[in-house]
Amino acid sequence: MMSGHTIECPCGTVLRGIDEDAVVAEAQSHARSVHDMDLSDEQARSMTHPN
Ligand SMILES: [Zn+2]
């Protein structure tokens with residue numbers, strides 16, 4: 001099964017990963033590089049939704 005997970009950043013960027021861990025890592029990297037912001041695991045996980 002390849003359901004995948006997504007996080008929609010408030011800036012409009014949609015991040016996708018094959019699983020929750022992957023999309024959390026994507027979101028943390030995006031937040032750091034684009035928004036100069038540290039996103040905690042917990043914050044990122046609360047933003048994920050399966051697609
Ligand atoms: Zn963003």
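In which loop is the place of Asp-36? Asp-36 sits in the loop between α1 (20-35) and α2 (41-47), where helices (H or I, at least four residues) and strands (E, at least two) are DSSP runs, numbered from the N terminus.

## Basis of the model

This is a predicted model, in which local features need pLDDT of at least 70 and side-chain atom pairs count only at pLDDT 80 or more, while totals for chains, interfaces and linings use all residues. Residues are numbered from 1 along each chain as its sequence is written, and side-chain values use heavy atoms, with hydrogens and water left out.

## The sheet and its helix

The strands form an open sheet of 3 in the order β2-β1-β3, with antiparallel pairing; two strands pair if DSSP finds at least two bridges between them. Strands β2 (14-17) and β3 (48-50) are the edges, each pairing on one side only, and the twist from one strand to the next averages 30°. Strand β1 (residues 5-8) is joined to β2 over 4 bridges in the antiparallel sense, and these two strands make a hairpin with 5 residues between them, in whose turn Gly-12 has a positive phi of about 105°.

In a regular strand the side chains alternate between the two faces of the sheet. Helix α1 lies across β1, β2 and β3 and runs at about 145° to β2, with axes taken as lines fitted to C-alpha atoms, for helices over the stretch in contact, and angles running from 0 to 180 degrees between N-to-C directions.

## His-5 in strand β1

His-5 lies in strand β1, and its bridge partner in β2 is Gly-17. With a relative accessible area of 17%, His-5 is buried. Leaving aside neighbours within four places in sequence, the residues in contact with His-5 (heavy atoms within 4.5 Å) include Leu-15, Asp-19, Val-23 and His-49.

## The zinc site

The zinc ion is coordinated by Cys-9 (SG), Cys-11 (SG), His-30 (NE2) and His-35 (NE2), at 2.0 to 2.3 Å. Donors here are N, O and S atoms within 2.8 Å of the metal (3.2 Å for Na, K and Ca), and water is not among the atoms, so sites may look incomplete. Along the chain the donors follow the spacing C-x1-C-x18-H-x4-H.

The angles among the 4 donor atoms are 105 to 115°, and the site of the zinc ion is tetrahedral, a class in which four donors have all angles between 85 and 135 degrees.

Most residues other than glycine have a negative phi. Asp-36, however, has a phi near 50°, a positive value in a residue other than glycine. At 71% relative accessibility, Asp-36 counts as exposed.

## Salt bridges

A search of the whole structure finds 4 salt bridges, each being a side-chain nitrogen of Lys or Arg within 4 Å of a carboxyl oxygen of Asp or Glu. One of them joins Arg-45 to Asp-21, with the closest N and O atoms 2.9 Å apart. Because Arg-45 lies in helix α2 and Asp-21 in helix α1, this pair ties together parts that are 24 residues apart in sequence.

Arg-45, which is partly exposed with a relative accessible area of 30%, also meets Asp-41 in a salt bridge (3.6 Å, N to O). Arg-45 and Asp-41 are 4 residues apart in helix α2, so about one helical turn separates them. Salt bridges that share partners join Glu-20, Asp-21, Asp-41 and Arg-45 into one network. A further salt bridge links the side chains of Asp-38 and Arg-32 (2.5 Å, N to O), and both of these residues are exposed.

Conventions: Tetrahedral: all angles 85-135°; square planar, octahedral: opposite > 155°, others 65-115°. Buried < 20%, exposed > 50% of the residue type's maximum accessible area, 1.4 Å probe, protein only.
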